[in-house]
Amino acid sequence: MFLPLGDATFHVQLEGPPGAEALLLLHSLGTDNRIWDAGAEAFRGGYRVIRPDLRGHGLSTVTPGPYSIEGLARDMLALLDALGVRQAHVAGVSIGGMVAQAMAALAPERVRSLMLVDTALAIPPAETWRDRAALVREQGMAPLVEPVVARWVTPASLQGPAAQGLRAMLRRTDPEGYAGAAEAIAAADLTESTRGLRQPALVLVGDGDAATPLASAEALRDAIPGARLEVIADAAHIPTMERPAEVAAAMRRFLAALAPSDALEAGMAVRKAVLGEAHVARASAAVSALDAPFQEYITRNVWGGVWTRPGLPRHTRSLLTLAIMAALGREGEFVLHVRATRNTGVTPEEIAEVLLQVGAYAGVPAANHALKLAKQTLKEMEEQP
């Protein structure tokens, strides 16, 4: 999708359940959101994955440089506003990691956690970035392709598919977009602002990264209280392309540690995400001494014990719940979960497929009645957004 924001239009890919926690993935200089293809696939089952092309990159608008890290961060905060996202986990590679740090400093309440991949507080020398900006403005991207890709991946990967994809992305980057972002890196030193961050943070670095080496990663870790550092073996500057499974595994471990340890708390969070905060607030306000133990039971054991399990994506659990409620004739719960599709990402077309399956295996009358309820509920949802 494309979103107009201020003086530019931004290209962004959205995947995963709309009501799930948001995960914003930011790419590196000279690439685009496709360096996170594998990451999006790994996390879209349980997160609302947001992958934009930064200003001047991919399919987003190219504006004249120089850019600034703070300006790029404000772009991303505006993007979250446009998508109605109040808070997100933010992961970024290289300049994307610098933008993530700046977002957390500018709007700490908007950033739930940071995953900073092969990035730094500053990436000197500044003159190198200014020279690159001048070069691409004069000669285009071609002179940079081979020397830069040789620093992005290890020698063993240099002729592999990841490197070929990176070459294509770099070659297709607009020279002015690259130059403007390179000038942003040249001017950036995030040391003071990043020292003030208090979000949970994971720092990842490839063991073969020459651009932002282990020493830079250690300095970044030490600047953020409580930050963790993990080294990705056999990877250079863009491990999301070279070692995507290892990057995703490290991010999963980090995010799992942030999840509520109490099943009741976790269940309440998922219940709100699926059914909507307004519905849960109304239901909670109506709880009496009679049904309080039961409400706690279902929140802890159903929402917290089943819906939080990683074995099935939330979208799939939504489809299963609709099928079971239709087959059993549980009208109230069926309607409730039709309304919840606004948050789980299930489409009317998928509801229709589910009810065909119900008709085949649980009987036509049950499916027919559920279809009438679904049509009525979806119509009401359209009329009352």
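**Exercise 1. Helix α15**

What span should the 15 residues of α15 have at 1.5 Å a residue, and how far apart are its end C-alpha atoms?

Solution. The model is predicted: local features need pLDDT of at least 70, side-chain atom pairs count only at pLDDT 80 or more, and totals for chains, interfaces and linings use all residues. Residues are numbered from 1 along each chain as its sequence is written, and side-chain values use heavy atoms, with hydrogens and water left out.

Step 1. Helices (H or I, at least four residues) and strands (E, at least two) are DSSP runs, numbered from the N terminus. The expected span of a helix is 1.5 Å times one less than its number of residues.

Step 2. For the 15 residues of α15 this rule gives 21 Å, and the end C-alpha atoms are 21 Å apart, so the two values agree.

Step 3. Buried denotes under 20% relative accessible area, exposed over 50%, and partly exposed in between (1.4 Å probe, protein chains only). The buried residues of α15 are R314, R317, S318, L319, T321, L322, M325 and A326. An α-helix has 3.6 residues a turn, so residues three or four places apart point the same way.

Step 4. With contact defined as heavy atoms within 4.5 Å, the buried residues of α15 pack against α12, α16, α17, α18 (348–362) and α19 (364–383).

Step 5. Just after α15 comes G329, with a positive phi of about 70°. R330 belongs to the loop between α15 and α16 and is partly exposed, at a relative accessible area of 45%. R330 and A370 are 40 residues apart in sequence, yet their C-alpha atoms are 9.2 Å apart in space.

**Exercise 2. The second largest pocket**

Determine the volume of the second largest pocket and the residue classes of its lining.

Solution. Step 1. On a 1 Å grid over the protein atoms alone, a cavity is a set of points where a 1.4 Å probe fits but cannot get out; a pocket is an open set with protein on both sides within 12 Å along at least five of seven lines, and lining residues have an atom within 4 Å of a point. Grid points are joined across faces, edges and corners, and a volume is the space filled by probe spheres set on the points.

Step 1. The volume of the second largest pocket is about 450 Å³. The pocket is lined by 19 residues, of which V302, W303, W307, E333 and H337 are the closest to its centre. Two or more lining residues come from each of α12 (263–275), α13 (277–285), α14 (292–303), α15 (314–328) and α16 (331–339). The largest share, 5 residues, is that of α15.

Step 2. Ala, Val, Leu, Ile, Met, Phe, Trp, Tyr, Cys and Pro count as nonpolar, Asp, Glu, Lys and Arg as charged, and the others, Gly among them, as polar. The lining then divides into 12 nonpolar, 4 polar and 3 charged residues.

**Exercise 3. T344**

Is T344 buried or exposed, and which residues does T344 touch beyond four places away in sequence?

Solution. Step 1. T344 is part of helix α17 (residues 341–344).

Step 1. The relative accessible area of T344 is 1%, so T344 is buried.

Step 2. Leaving aside residues up to four places away in sequence, T344 touches P17, P18, V274, H315 and S318.

**Exercise 4. Backbone geometry**

Locate the cis peptide bond from G65 to P66 and that from P124 to P125, then examine phi at S94 and D118.

Solution. Step 1. The bond from G65 to P66 is cis, with omega near 0°; P66 sits in the loop between β4 (48–52) and α2.

Step 1. Omega is also near 0° for the cis bond from P124 to P125. P125 lies in the loop between β6 (111–117) and α4 (126–139), and D118 is found in the loop between β6 and α4.

Step 2. D118 is not a glycine, but has a positive phi of about 45°; at 0% relative accessibility, D118 is buried.

Step 3. S94, in the loop between β5 (88–93) and α3 (95–106), has a positive phi near 55°. With 6% relative accessibility, S94 is buried.
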